[in-house]
Amino acid sequence: MAYYKDLVTSELLSKFKDAFFSNSTNILAQNVITAYDPFQITLSRNRLQDQLVTNQYFSNRINVCGNPVGDQKYTGRCWIFACLNVIRVPFMKYYNIKQFEFSQAHMFFWDKVPILIQIIERCNFFLNTIVSTAKNGEFLDSRSVMILLKKPIEDGGYWNMAVNIIKKYGLMPKFSFPESYSSEDSKELNSILNSKLREFAIILHDMVTNNDTNSNISDQIEKDMCIVFRIVGVCLGIPNQTFKWQYRLNEYEPICHRDFTPLEFYNTMVEPIFHIEDKVSLISDPRPDNAFGKLYTMDLIGNVIEGSKILRNNQPIEVLLEACKQSIATLDEPVWYSCEVDQRFSNELGIEDLKIHDMESIFGTNTSISMTKSERILYSDSYPTHAMILTGFHEENNEVTRWCVENSWGKYNTTTNGYLMMTTEWFKEYVFEVIVDKKLLPKCVLDVFSQKPIVLPVWDKLASHLR
């Protein structure tokens, strides 16, 4: 029953219709929008003239990056691509390599075999989490278990999940473990795995309910994981234990040949150049209940059982902006970040700008911008959906006005060869998290990491997986 009288009467609908057709602007807008993409029609000509002239130039830009531009294809592996795109910059500089990619499929393989977050390791994480929630007395209709079962496996993830995979399984060049059909289009693989994991969850939940021993439960998980490994191996291939790597430090030295395991490759060739342990997460979550200057983590979110947990240091957006600027200007190092990519964004033109669409001229009302960032999060209008990297910025009169972004949607999706331009005003509204080196942060910000983290539930608005 409605709290108020029924407003949807035939008289009121007739009134709305008469008002609509009495305005010639509405009729013209209808004629156009019913035939064309609303977001193409609402592109602001005046804003494009301002931005297209300037968005190719940045006063500070990292030179060695984006060769080749990554393409995650029909998958949600943005967080993997963005992480590896950050790491490859110092790697390519140090070894004087003009073109290089780490194997995204290698990380994807090991992620598909922990829960809610990637393949081999993610499946194991899911099965163990189902057991732990059952042992804690949570029923199948509890909010946490329902979220876990809704999508046991998906492609999306976070920076710390990429770190967990790298530290446990290492890295390898892309040519040593190239892409497969299912690594570039993972929908069918995920569908198969999700059904199997729910099937396994039934067995494990019943074992816990019937007070079966921990040893038997562990044995069951091992059987389940053997099946998961088989499915993933068939679809993605299985990485070799070793691979050959040839390199030289400069043009005058001979080429070095070595056999590496992926973990040896990371520990000896990559980690000394890029210290992944020194990178920390800053978020800007302005919701009233989530105070700045506090440390947060997420319940039941992860991919490697023994891996590090998500630790997010909540700070005003100005702290994130300054850290990103210093990473590029002083360290010559790109920045991994997460954002709500679909808002006020022209993918074809490669522009993220609050004024890129003129909605009001077509619809007679604005959308999204009238809400605050906090309100958009609270009412599910905006949350993290995609990860990319910042590779440059433009500064005028000591103020950063725009940023250069390297995306992972291929070279041909935009007129700017896979790069985007993001205005600082867009950054303030739609960027949620950045990963920066802790040496860039003042002591008052670093001290937050020594706090006991506040645990946010698995259904929190900022727990969405990046794709």
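The model is a predicted one, in which local features need pLDDT of at least 70 and side-chain atom pairs count only at pLDDT 80 or more, while totals for chains, interfaces and linings use all residues. Residues are numbered from 1 along each chain as its sequence is written, and side-chain values use heavy atoms, with hydrogens and water left out.

The structure holds 23 aromatic pairs, a pair being two rings of Phe, Tyr or Trp (for Trp, its six-membered ring) with centres within 6.5 Å; planes under 30 degrees apart count as stacked, over 60 as edge-to-face and the rest as tilted. Phe 109 and Trp 110 form an edge-to-face pair, because their ring planes stand at 90 degrees, with the centres 4.8 Å apart. Trp 110 also pairs with Tyr 169, and here the rings are stacked, at 4.1 Å centre to centre and 5 degrees between the planes. Phe 109 and Trp 110 are both buried, as is Tyr 169; buried means under 20% relative accessible area, exposed means over 50%, and partly exposed lies in between (1.4 Å probe, protein chains only). Elsewhere, one aromatic cluster takes in Phe 91, Tyr 94, Tyr 95, Phe 100, Phe 102, Phe 175, Phe 243, Trp 245, Phe 260 and Phe 265.

Strands (E, at least two residues) and helices (H or I, at least four) are DSSP runs, numbered from the N terminus. Five bridges join β2 to strand β3 (residues 256-260) in the antiparallel sense, where pairing requires that DSSP finds at least two bridges between the strands. Within this arrangement, Tyr 247 stands opposite Cys 256 of β3.

Rings also meet charges. The charged end of Arg 61 sits over the ring of Tyr 419, 5.1 Å from its centre, and Lys 373 lies over the face of Phe 432, at 5.1 Å from the ring centre. The criterion is NZ of Lys or CZ of Arg within 6 Å of the ring centre and within 35 degrees of the ring normal.

Salt bridges (a side-chain nitrogen of Lys or Arg within 4 Å of a carboxyl oxygen of Asp or Glu) number 20 across the whole structure. One of them joins Glu 406 to Arg 88, with the closest N and O atoms 2.9 Å apart. Another bridge, between Glu 395 and Lys 325, brings N and O to 2.7 Å. This pair links distant parts of the chain, with Glu 395 in strand β10 (residues 386-396) and Lys 325 in helix α14 (residues 317-330), 70 residues apart. Glu 395 is partly exposed at 26%, whereas Lys 325 is buried at 18%. Shared partners join Arg 77, Glu 101, Lys 174 and Glu 179 into one salt-bridge network. Within it, Lys 174 and Glu 179 meet at 3.9 Å, N to O.

Finally, helix α8 (residues 143-150) has Ser 144, Val 145 and Leu 148 buried. These residues lie on the same side of α8, because they cover an arc of only 95 degrees around the axis, the arc being that of the directions from the helix axis to the C-beta atoms. The exposed residues Arg 143 and Lys 150 are carried on the face turned away from the buried side.
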